[in-house]
Amino acid sequence: QSSEEARLQAQQEEAARLEKERIEQEQMEKLEAKDQERRESELAELHSLEQKFLAAQQWKTDYRAHAKWEHYLSCDGSPDPTVLQEINAFMSLWREDQNEDIQLVMEKGEQVLNLIQKLQFLLLDTPPNEITEKETVQYQESILELQNLLHQKYNGATEHMLKAANMHEDPDTGNMQAVIKDKNVTFCIWANLKKKVRFKNHMFCDTQHGFDLPKSLAVSSVAVRILHTHYDHVSPLWLHCQSVPKLEVLDSKELTQHSKGSVEEPEEEEKKAREEPDMPAEEETCSDGRKSVISVKENSNSIADINETGEETEKKSEILDVPSQVQDPLMQEETNEKEEALTDENIVDLQQFVPVGGVYHIDVLQLPPQVKQIKDWSMVEVLDVGLEAYPYPPEEAEDATHPPVRITLKLSDNVMYFEDPVIARWDPAGQQWRTDGISNITYETQEGSITFEMGAFYTIALLQDAHLNMPYQAWELRPTGMDEALLTVTAVFATIQIQIKGNQCMLSSVAVKEKDVLSHVTGKWISPLDLRAVLKKAGVNIFPGEYSHKYVSVNKKAPLAEVRAYQQMALVASAFAFAWSKWNLEAGQEQVVFKVSEHLKADSVRGKDWSLYMFNGQKAQKLKITETSKAFSEELEEGSEFHSTLYHMLKDFASKEAIDKVEAASFLFIDVVYQLLLATRVLTYS
C-alpha cells in the first residue's frame, strides 16, 4: 500500500516539475521573442549613443593637427621631431657643437628626451589610418639616433671632466670624485690620481652608489664612472612602444546585421573574425647596430611583435574591429607558436621581466692626459681617441682568473620594487639582457641598496616581474560628478586610484600596505597613454600586454563580451557605478558578470545598493543572486527581462535623472573611461 502511494506521489511530483519547467520555458521563450522584436530598435538607439566614440576619434585627429600647427607658429627654436629635415638639422648642429661642459650637455639632454618622448607618444597615439609605414620607421630611426647622440655627448662630457680631474682633488685621498645630477641622469665619476691600493674602494656620499676595485686596477691610471640614466635607452625599442588596443570606427551595418532573424552564435562570429586578415607588419630594419628598429606594427592597435614578418597576418576580430590584442588568448597561442621558447635561461625574457628604475652604465676608463698649469696657461695633450675604456679583465691573460669588481647601488626612490629585483647585464652582441656574470648578490632592504660582484664592467639594470600585481583582487569604477569618475584597482601589492575628468586622468594615489607612495607622479592631469607610461616606469604595472596571459592565470572571456562590456560601461559611466563580482569567474567564457549601481552622488556605493548583471555582448540580463549567495545561478531577477544591450537593461531600473546624465555625458570623458578599461582589462585580469 505505502509503496503504491509513494509511487503515485513521485509521479505527481514529476508531473508538477515538468509543468513548472514547461511554464518557465514558455516564459523564457516569450522574453526571448520580446527581446528579438525590439532588438533592431535597441541596437539603433545604442548606435546613436556610440557615435560619441566617433566624435572622440575626430576630436583627437583635429587636436593632433592643431598641436602640429601650434608648434609651427610658436617658432621657439625647438625642432618638430616628425619633420626629418628639422630633426636631422638639430642633430648635426649638436654633433658639431664642441662645448662639452657637463651641465650644458645635461640641459640639452632634457630637450632630446622631450623629443624622444614626443615621437614615442605619436607612435602610440596615432591611429593606423593617420600614419604611414614610412613615417613609423622614420620616427623609430629618429628615436634611436637621438638616443645614440645623447649617449655620445655624455661620453664627451665625461672625457672633458676627466681631463681636468686634478682640478677636483679630494683633500683626503688625493683622488678626484664628483657627483653631478639632474632629474634625468646621475653622473658619479672617480679618477685614480694617486694609484694607492688603500683607496681601491669608494662610496659616493650624495648617491650612496659605490665600488670596490681589484688591486690591479687600484694601481693603474683609471677612472670609474657610474652613469645612472633614469630612463632606459638600452632595451630594444619595442619595449617602450607597446600599445593598448583601441576602438576603431563603429559601423552601423554590423550593429544591425545580427537582428535579421536569429542571433548569430559568438563562435560563428569568432570564426569569421579569424578569417579576416590584419595589415601585414613591417620588416625589421637595423639602425647603426646598437639596436634594431622593430616594427611597432599598426601602432595604435597592437603591440610590436618582434618576430612577425610581412607574410604572417594577425587574426583580427571584425566585431567592432576589436584589435588583435583583445583576441582570445588561446587562439593567439596557436598563432604565436612562432616565438621560440628562450633556450638559454640566462637570457631575460622581456615579456616577463622589465627594467625598473633606469639603467646603470658602469665603466672603467683610461685616464686621459691631465691639464698642466704653466704660469697663466693651461696645457693638455690632446689624443684623438675620445673616451677610452680600460680593458678589464686584461685581454692577454685568457686563462688567469681575475678578481671581480664589487658594486653597491642605492635603489631609486622614485620607483617601487615589490620584490628583490633581478640584476641583469646588457649583452651588446646578442642585444639582450643576461643574468650570468653577476654573483654574490646581497639586498639591504632597510637601506634600499643592493651589492653584487661582476667579472667585468657592464651596463646593469634592475628588473622586476612585469605581472607581479596581477591578477587584480578587485576593481571599482564610480562616477564622482558630471564627466568625472574614479577607477580603483586593488592589485596584489598596491591599490591604485585613478581620477577621470573630461579628456584627462590623474593618478590620485598608489597605496602599499595602506601607505601612500610615488608622490612625485600623483596629482598631475595627463592623458591615459601618459598615465600608463608613468605607472609602468614607476614599477606599478596594471596594464596587460599581448602575451600577459602566458604569465598570469587569466579569467578568459570571449572578446565580444569583454569589449562590448567596456564600451557600454563607458557610455553609462557618468551615472552608474560598476565593480568586480566573484561570480564573473563562474559565469563561463561567453559572458561577463559584474556589480552595478545607479550612482548620482559623489560618495562611495553602499553594499546593499549593488545588483548583479550578466552580459555576453548581445544579450544582457539582471541576475537574482547577490554577491553573498551560496552558488552561481543565471536565474533572472523577478520581473526583469532580457535586452540586447547593457544600456537598455540598466534603463529598465534607472531613474530619468540617470538616463539624462548618460545622454549628456561628454564624448571625451566616455573615451577616456573606455581607454582605461581596455588598458587594465579588469574583466579578465581580476
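A charge sits over a ring if NZ of Lys or CZ of Arg is within 6 Å of the ring centre and within 35 degrees of the ring normal. Keep that in mind as you select K622 and F653: K622 lies over the face of F653, 3.7 Å from the ring centre. Next, select K619 and F642, where K619 lies over the ring face of F642 at 4.3 Å from its centre.

A quick note on the model: it is predicted, so to speak of local features takes pLDDT of at least 70, side-chain atom pairs count only at pLDDT 80 or more, and totals for chains, interfaces and linings use all residues. Residues are numbered from 1 along each chain as its sequence is written, and side-chain values use heavy atoms, with hydrogens and water left out.

Now for ring pairs. Rings of Phe, Tyr and Trp (its six-membered ring) pair if their centres lie within 6.5 Å; planes under 30 degrees apart are stacked, over 60 edge-to-face, and the rest tilted. The count by this rule is 11 aromatic pairs.

Select W190 and F211: this pair is edge-to-face, with 5.1 Å between centres and 65° between planes. W190 belongs to strand β2 (residues 185-191) and F211 to strand β4 (residues 209-212), so the pair links distant parts of the chain, 21 residues apart; strands here are DSSP runs (E, at least two residues), numbered from the N terminus.

W190 is buried at 2%, and F211 is buried at 4%.

F204 and F211 are both buried, and ring pairs join W190, F204 and F211 into a cluster.

Key:
Helices (H or I, at least four residues) and strands (E, at least two) are DSSP runs, numbered from the N terminus. Buried means under 20% relative accessible area, exposed over 50%, partly exposed in between (1.4 Å probe, protein chains only).
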